[in-house]
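Hi,

Here is the structure I promised to pass on. Have a look at it first, and then read my notes below.

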Amino acid sequence: MEIVVSNKVSRPLYEQIASQIKAAIMSGELKAGEAIPSVRSLAKSLHISILTVQKAYATLQEDGFIETTAGKGCYVSAQNQDFYLEKQQKKIEEHFSEAIEIARGSGISFDKLIDLLTLLYQEDD
């Protein structure tokens, strides 16, 4: 797993680290039970503060992606993927509900809404 961080982007370093590790877990690159680099080794390899990596790992642990065992290290959590996907789907549903409400109130048709969603979804491809 390779992690790349940059001071030239607006996102904090800890968020960059956390999102890349999440992506590696979600893609299957990192499997349940697999060890991730220690806080010290990752901080050293990225030439950043240990506190920054600790914050990234704390975020990952809060979200259920990793588990930390004192003296043994950090490991990919077994339940992370399903839990995370369910949480993200709920968030998307809330945003869709709001968008549908705005569209209906503005007289925007279902087809126009689908076209807009398709356009926005494919924008970064």
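How much of the chain do buried residues make up? They account for 24% of the 125 residues, where buried means under 20% relative accessible area, exposed means over 50%, and partly exposed is in between (1.4 Å probe, protein chains only). The areas themselves come from the Shrake-Rupley method with a 1.4 Å probe, and for residues only the protein chains shown count as cover.

A quick word on ground rules. This is a predicted model, in which local features need pLDDT of at least 70 and side-chain atom pairs count only at pLDDT 80 or more, while totals for chains, interfaces and linings use all residues. Residues are numbered from 1 along each chain as its sequence is written, and side-chain values use heavy atoms, with hydrogens and water left out.

**Overall layout**

You'll find 5 helices and 3 strands in the chain; these are DSSP runs numbered from the N terminus (helices are H or I with at least four residues, strands are E with at least two). Going along the sequence, the pattern reads α-β-α-α-β-β-α-α. The chain's radius of gyration is 19 Å, well over the 14 Å that the globule rule gives for 125 residues, so the chain is more spread out than a compact globule. That radius is taken over C-alpha atoms, and the rule is 2.2 Å times the number of residues to the power 0.38. Along the principal axes, the C-alpha atoms fill a box of roughly 60 × 35 × 20 Å.

**Salt bridges**

The whole structure has 2 salt bridges, meaning a side-chain nitrogen of Lys or Arg within 4 Å of a carboxyl oxygen of Asp or Glu. One of them joins lysine 22 and aspartate 63, at 2.8 Å from N to O. Lysine 22 sits in helix H1 (residues 13–27) and aspartate 63 in the loop between H3 and strand S2 (66–69), so this pair ties together parts that are 41 residues apart in sequence. Lysine 22 is buried at 17% relative accessibility, and aspartate 63 is buried at 16%. Another links arginine 11 with glutamate 15 at 3.7 Å, N to O. Here arginine 11 is partly exposed at 39%, and glutamate 15 is partly exposed at 29%.

**Surface patches around H4**

Patches are built from residues with over 30% relative accessible area and no salt bridge; like charges are joined within 9 Å, and nonpolar side chains (Val, Leu, Ile, Met, Phe, Trp, Tyr) within 5 Å. Ile92, Phe96, Ile100 and Leu117 make a nonpolar one of about 320 Å². Its largest share, 3 residues, comes from H4. Isoleucine 100 is in that helix and is partly exposed at 33%.

There's also a patch of negative charge, where Asp82, Glu86, Glu93 and Glu94 gather on the surface. Asp and Glu count as negative and Lys and Arg as positive, with His and the chain ends not counted; a charge is placed at NZ of Lys, CZ of Arg, CG of Asp or CD of Glu. Glutamate 94 belongs to helix H4 (residues 80–106) and is partly exposed at 47%.

Histidine 47 lies in the loop between helix H2 (39–46) and helix H3 (50–62), and is exposed at 74%. Its phi is near 60 degrees, a positive value in a residue other than glycine. Most residues other than glycine have a negative phi.

Valine 53, in helix H3, is buried at 0% relative accessible area.

Cheers
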